[in-house]
Amino acid sequence: MSDYRVLPGPEHFLPPAAASMGIRLPNPGEAHINGVIVSEDKAYEEAARQFLMAKVPTIFPGPLVLWAWNEKAAKKATAVRHLFNTLKECAQAGQKPMLIPMPDYRPKYPKINPEVEINPNHPNLTIWHNKIDCCMFIGVHCHQANLSLKIIRGGTSCYTIAMCAQAGHEDAMLSFRDASVEKIMRLAETVKRLKGTVQLRSSTAKSGASN
Amino acid sequence: MAETKSIIGTQNKKGQTYTDAWKLLNEAPRTPSFFTGSEVIKEAIRRASCDVMIAYPITPQSEAAALIGELFAEGYIGDYFRGESEFAVMSQCAGAAFGGARVFTTTAGPGTMRAMENFPMWAGSRLPIQMIVTCRGINSPLSIQPDTLEIAYLLNTGMLVWHAETAQDFFDWILKGYMVSEEPDVHLPLALCCDGFFVTHTKDVVNLTPADMCLPPYDPYRSPVPCMDMECPPVRMMRDPFVMKSNYISYATHASWQQEIWAAVERSRKHSIHWLNGLIDAENTDADIMIVASGTAVSQGREAIRLLEDEGVRCGLVKVKTLRPWPEEEIREATKNAKHIFVPEFNVTGWLAKEIKATIPNHHRVHAGPHVCGGMTMPPEIIVNEIKTALGMKKSFVMAGRGS
């Protein structure tokens with residue numbers, strides 16, 4: 001197994017793709033945390049803990065759940081909204097959950113509006129602007145998610161979670177695979193269950209604002 | 001994300017039953033058949049549920065391309081046409097794959113070189129196109145004969161590159177290739193190479209799966225990039241290439257994009273091991289002498305080992321099946337006991353020996369040869385002589401060159 005660990009950055013001017021450092025994707029029924037394969041149960045707990053600990057826990061829904069292109073996508077979108085509402089319900093003083101879409105993968109120039117969107121070519125702009133210290137990608141096509149996750153790891157200290165409908169993402173600090181409505185709902189339940197057991201991150205030294 | 005309704009067990013318009021790929025390739029009955037490599041390509045594609053095949057004539061792949069035209073006439077392929085050149089063919093393949101089709105093509109030698117610009121584009125666009133490369137000479141003066149130099153140019157395109165030894169490899173790997181390259185965490189083009197003529201134009205016994213069973217179709221909704229409406233393509237994707245914008249983040253995006261392609265090559269390792277039963281085959285790895293080869297050089301190496309055994313010299317063999325992903329750890333492990341490693345190749349530069357030297361410790365153990373090129377055959381006796389010379393033994397055979 002690789003000694004490399006997928007940790008919050010800023011890691012490097014050009015950090016390596018985690019797969020090239022020997023990090024392997026989980027098999028069905030598994031997840032990974034920092035590049036180490038774990039059970040899904042453990043990943044739910046850790047993802048919920050990271051959400052509850054963050055000052056600005058944020059969900060980044062991508063096109064696959066932003067548009068009702070089939071029945072499953074619509075149900076998933078409802079589940080994502082439920083997770084966001086749960087984050088708001090469970091928010092402690094000083095916490096500001098956000099829901100910022102990634103509607104478009106095309107690069108935008110001169111720059112995106114970081115208050116309302118995130119773009120895979122400039123993801124750090126949204127992270128920095130909103131001081132996001134924990135985020136979850138969902139419904140983003142895998143290639144674009146990997147680009148974003150690696151750039152975020154390179155230039156920010158934001159903790160990244162991927163709720164991937166396919167095989168998962170090594171470049172996230174925590175990744176589920178085969179995402180479904182049930183998995184999103186279970187994560188929301190776990191957040192609710194752990195409410196009050198996790199302290200808000202005290203220092204801003206490792207916040208998303210670093211660069 | 002696609003609405004998944006299993007079609008396994010249902011039939012296509014030709015009456016073939018969509019069959020779980022693992023069952024098709026590992027459990028379905030096999031019928032021994034006596035075919036040329038080109039005919040085997042046709043038979044594999046008959047079972048591959050291909051949507052589009054685009055052809056352009058160049059020896060030695062022309063026969064396979066023409067035979068697949070017959071499959072189109074029979075109704076086994078959705079669309080088939082001849083491009084204006086190899087460059088056009090590969091661009092048209094990209095268009096079809098962008099639109100969500102399972103795409104197949106074949107090329108060789110100068111055709112591969114002419115189309116080269118497209119291959120990193122395929123990989124960068126995450127298009128799981130399969131391209132058969134029936135290797136031949138690429139340099140002037142013209143040669144249509146077997147020579148594997150073109151493979152060296154493919155190794156850094158971001159494509160998966162496999163090197164088949166036999167027609168049986170070809171049949172199985174065409175079908176398995178789609179299973180690996182279409183995985184959403186891989187989703188890369190595959191260059192499935194063989195040594196032209198030696199494999200394409202010779203007949204061999206090949207065990208075929210039933211013709212009334214075929215692969216499940218490609219599901220573009222599992223793609224890691226959006227499937228495009230090719231009647232109304234998002235032109236801005238092409239109009240605003242990142243590198244045209246002079247700021248830090250666009251370079252970072254492009255760099256990350258390239259890294260992601262090679263990450264996908266890495267991810268193919270797991271799937272390739274699953275489908276090919278390992279990235280290499282190894283025999284007698286406790287021997288002091290190892291032959292490491294790919295393609296038909298493996299067959300010649302195997303025969304050389306038999307000749308050496310007759311003289312009491314024990315020798316091991318590594319058959320390298322995948323060049324990308326590169327089986328670094330496997331080769332290091334298989335050659336750890338070897339004092340001498342011989343790498344016979346059908347090309348002048350010895351690209352496989354260079355890859356191996358960069359992989360293993362104590363690379364002075366690697367003897368880059370024997371080499372033949374330009375269409376010469378590689379008699380096993382010259383491998384035997386190369387080994388005996390290195391060991392300080394008397395040569396067994398007097399081998400005069402063809403021109404002498």
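**Reading a two-chain model**

Tutor: Let's start with two strands: β7(B) and β14(B) run antiparallel and are paired over two bridges. Strands pair through backbone hydrogen bonds, either parallel or antiparallel. Here, strands (E, at least two residues) and helices (H or I, at least four) are DSSP runs numbered from the N terminus, and two strands count as paired if DSSP finds at least two bridges between them. This is a predicted model, where local features need pLDDT of at least 70 and side-chain atom pairs count only at pLDDT 80 or more, while totals for chains, interfaces and linings use all residues. Residues are numbered from 1 along each chain as its sequence is written, and chains are lettered from A and ligands numbered from 1 in the order in which they are written.

Student: Which residue stands opposite B:Trp162 in β14(B)?

Tutor: That's B:Thr322.

Student: What is the order of the strands in the open sheet of chain B?

Tutor: The order is β4-β3-β5-β6-β8-β7-β14, seven strands with mixed pairing. At the edges sit β4 (79–82) and β14 (322–324) of chain B, each pairing on one side only. On average, neighbouring strands of this sheet are turned by 20 degrees against each other, direction ignored. For angles, axes are lines fitted to C-alpha atoms (for helices, over the stretch in contact), and values run from 0 to 180 degrees between N-to-C directions.

Student: Which helix of chain B packs on the sheet?

Tutor: Helix α3 (residues 62–74) of chain B does, touching β3 (52–55), β4, β5 (103–107) and β6 (130–135). Its direction makes about 140 degrees with that of β3(B). A contact between residues means that their C-beta atoms, placed from the backbone, lie within 7 Å.

Student: How do I read the domains of chain B?

Tutor: Domain bounds come from an automatic or database domain assignment. For chain B the assignment gives domain 1 (17–222) and domain 2 (281–391). Their C-alpha centres lie 27 Å apart, and 20 residues from domain 1 and 20 residues from domain 2 of chain B take part in the contact.

Student: Which element gives the largest share of the side of domain 1 of chain B that touches domain 2 of chain B?

Tutor: β7(B) does, with four residues. At least two residues each come from α7 (149–154), β7 (160–163) and β8 (190–195) of chain B. By class, this side of domain 1 has twelve nonpolar, five polar and three charged residues. Ala, Val, Leu, Ile, Met, Phe, Trp, Tyr, Cys and Pro count as nonpolar, Asp, Glu, Lys and Arg as charged, and the others, Gly among them, as polar.

Student: How many residues of chain A are in contact with chain B?

Tutor: 26 residues of chain A are in contact with 28 residues of chain B. On the chain A side, α3 (71–89) and α5 (142–155) are the elements that give two or more residues, and α5(A) gives the most, with six. That side has 14 nonpolar, eight polar and four charged residues.

Student: Is strand β3 of chain A buried or exposed?

Tutor: A residue is buried if 20 or more other C-beta atoms lie within 10 Å of its own, exposed if 12 or fewer, and partly exposed in between, with C-beta atoms placed from the backbone. Five of the five residues of β3 (residues 57–61) of chain A are buried, so the strand is largely enclosed by the rest of the structure. A:Pro57, A:Ile59 and A:Pro61 point one way, and A:Thr58 and A:Phe60 the other.

Student: What does β3(A) pair with over five bridges?

Tutor: Strand β5 (residues 134–138) of chain A, in parallel; there, A:Ile59 stands opposite A:Met136. β3(A) also pairs in the parallel sense with β4 (residues 98–99) of chain A, over two bridges. The partner of A:Ile59 in β4(A) is A:Leu99.

Student: What is the phi of A:Lys131?

Tutor: About 50 degrees, a positive value although A:Lys131 is not a glycine. A:Lys131 sits in the loop between α4 (123–130) and β5 of chain A and is partly exposed, with 18 C-beta neighbours inside 10 Å.

Key
Two residues are in contact if their C-beta atoms, placed from the backbone, lie within 7 Å.
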